[in-house]
Amino acid sequence: MTYRYVVYDLQKSFNSTFDDAHTTLPQILYWVTVIANKLMVQQNLVTNSDLFTSVFNSVEVFTDENGRSYIDLPTQIMDLPNNSGIVYITYNLETCKCEGPAFAQKWFQGVNLGAVQHLYLDEYTKPSTNNPYFYRIAHSIDGVNVNRIYLLGLECIEIEDVEIAIKSTIDPSNICDLDAEIPLPNELIQDLMTQVLQLGKFVTLMPADITNTGADERSTNEAQYSAKNTTLPDASSTPTNQ
Amino acid sequence: MNSNDFVSIEHLLAEISSTVNDMEFKRGFPKGWYISRIQDAIQELSIDTYWLKIQEDYEFPKGFQIKMPENTFNLREIYLYTGTICNPIKSQVVYWKRLFNNNYSGDGYTAKVKDDGSNSADIFQPNQSLRSSNNHNFGKAKYYYNVINGVIMFSKDCAAFPYVRIMFNGMGVPNGELPIVPRFFERAVVDYVEEKFYNAMKSRDPRTYRALWTDAYQKLNDLVNGSWNKARKRVKSMDSAEKESMEEYISSMYHK
């Protein structure tokens, strides 16, 4: 199913229901991507299939100012438990095709940044070229926004690139073609449209609550309290003894 | 039982990771953690069963001392020999002597009973030299050793031989190398790693993993059908040929 079918269908529905809302096509397209991303993550948790997996054969390896190797994530990924949004990272070198693909022989294992020190406690988990790891830093480094995967165990070698497979989500800024396929199974299109309509309805109704009509809409109790406040005796006046 | 057949680490990991549902090694333990547990299992089985025998040959040390090599325990046999390492000619068994000590190397030593009986002034064990020299060729060369803190110390008469051969028991491979797993230990090793996995996961999610850990513990340690005990029995049982020979020997010893 293409974006064009879905977006125009949704626009028709919005225009017939909220004819003065002026819902634009880019706005609906954005809502579609927001809901589609949510449905993709939910669908992946249910099926754990590779429907949303993308493979990048050659992702350049950089070195930061501390000499640590890293790659920039080539696209948005699902934020799943235990870095499961990254299916694998492997050396971009087919060493022995008879034994199967490279990613089945040597792959980088995911680890949380805080657990890296623990790897060095055991001879068998210690990072090395034979036993490499990766960890993700996706917020900022020294105040600069990043979305990086750091590679551990490559301290003694230099590699130019790696192969990476990731479970990706949709980046709204990358949709340039309405005739592109929505990366969802067809059976989820109904859920997508229903949830976009709900989101649109919610967004359309929101402004009514924040419009200032000029009327006193305070609650009755509040109004009464305010009136009572003016009738209280002045505390500064001296009581008289009788 | 003797065997020269081994299973690969990958073979074990394939079964273990499937059983504990961690085929992608993303449940919190890296692949190396599993290999480390496999090594632990082999280490424990080695210490329990003495299955792994390691032979080392040395030139006889000038300091009369040899440090036990890494990854060994339990001295099994010590021989002195002439010839070459590849071709021993004359050999001599070396015996253990209680309380013998040349801990600072050299041929001088202390012992509760000296080999020449020189503590004859001892009022509690007097006249050993007189008593000894009259019996059993006591004045001849004596080949013995003792061990203190992993250092094997030899008597001075041992220096008459140029080489020494020592048989140890091993504790698997040195830490950091890929473990070697005999096939008849496969069940025990798999069950051991699974039990350790669930034991570790128990602290993360007790409600889910405690029941699984109990099952795994029972499967490993059951006294009748537990894989650990089965492995111990297997490795301690004799080869059929050994049994045959032993039966023939015992049955004939009183009837010749």
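Domain bounds here come from an automatic or database domain assignment. The model is predicted.

**View 1. The two domains of chain B.** Chain B is assigned domain 1 (6-50 + 175-252) and domain 2 (53-170).

View 2. Four residues of domain 1 of chain A and five residues of domain 2 of chain A make the contact. On the domain 1 side, the residues that touch domain 2 of chain A are one nonpolar, one polar and two charged.

**View 3. An open sheet in chain A.** Three strands of chain A line up in the order β1-β10-β4, with antiparallel pairing. The edges are β1 (53-60) and β4 (86-91) of chain A, and each pairs on one side only. Neighbouring strands of this sheet are turned against each other by 15 degrees on average, direction ignored. Strand β10 (residues 161-167) of chain A pairs with β1(A) in the antiparallel sense, over six bridges. One residue pair to pick out is F56(A) and its bridge partner I164(A), which belongs to β10(A). As background, strands of a sheet pair through backbone hydrogen bonds, either parallel or antiparallel.

**View 4. Where chain B meets chain A.** The contact draws 13 residues from chain B and twelve residues from chain A. The chain B side that touches chain A has four nonpolar, six polar and three charged residues.

**View 5. Helices α4 and α5 of chain B.** Helix α4 (residues 186-202) of chain B packs on helix α5 (residues 206-221) of chain B at an angle of about 155 degrees. Their axes are 8 Å apart. Because of that angle, α4(B) is roughly antiparallel to α5(B); the cut-off for this class is over 145 degrees. The crossing of α4(B) past α5(B) is left-handed. From α4(B), the contact includes D191(B), Y192(B), E194(B), E195(B) and Y198(B). From α5(B), the contributors include Y209(B), R210(B), L212(B), W213(B) and Y217(B). By class, the contact of α4(B) with α5(B) holds ten nonpolar, one polar and six charged residues.

**View 6. Helices α2 and α6 of chain B.** The axes of helix α2 (residues 31-49) of chain B and helix α6 (residues 227-236) of chain B come within 10 Å. They cross at roughly 50 degrees, so α2(B) is oblique to α6(B). Here α2(B) passes α6(B) in a right-handed crossing. On α2(B), the contact residues are L45(B), D48(B) and T49(B). On α6(B), they are A231(B), R232(B), V235(B) and K236(B). The contact of α2(B) with α6(B) divides into three nonpolar, one polar and three charged residues.

**View 7. Helices α1 and α2 of chain B.** Helix α1 (residues 9-19) of chain B and α2(B) cross at roughly 110 degrees, and their axes come within 11 Å. The two helices, α1(B) and α2(B), are therefore roughly perpendicular to each other; that class spans 65 to 115 degrees. I9(B), L12(B), L13(B) and I16(B) of α1(B) meet Y34(B), I35(B) and I38(B) of α2(B). The contact of α1(B) with α2(B) has seven nonpolar residues, no polar and no charged ones.

Methods
Residues numbered from 1 in each chain as written. Chains lettered and ligands numbered in written order. Predicted model: local features only at pLDDT ≥ 70, side-chain atom pairs only at ≥ 80, totals over all residues. Pairing = 2+ DSSP bridges. Helix = DSSP H or I, 4+ residues; strand = E, 2+ residues; numbered from the N terminus. Axes fitted to C-alpha atoms, helices over the stretch in contact; angles between N-to-C directions. Contact = placed C-beta atoms within 7 Å. Nonpolar A, V, L, I, M, F, W, Y, C, P; charged D, E, K, R; others polar. Parallel < 35°, antiparallel > 145°, perpendicular 65-115°, else oblique. Left-handed = near helix turned anticlockwise from the far one by under 90°.
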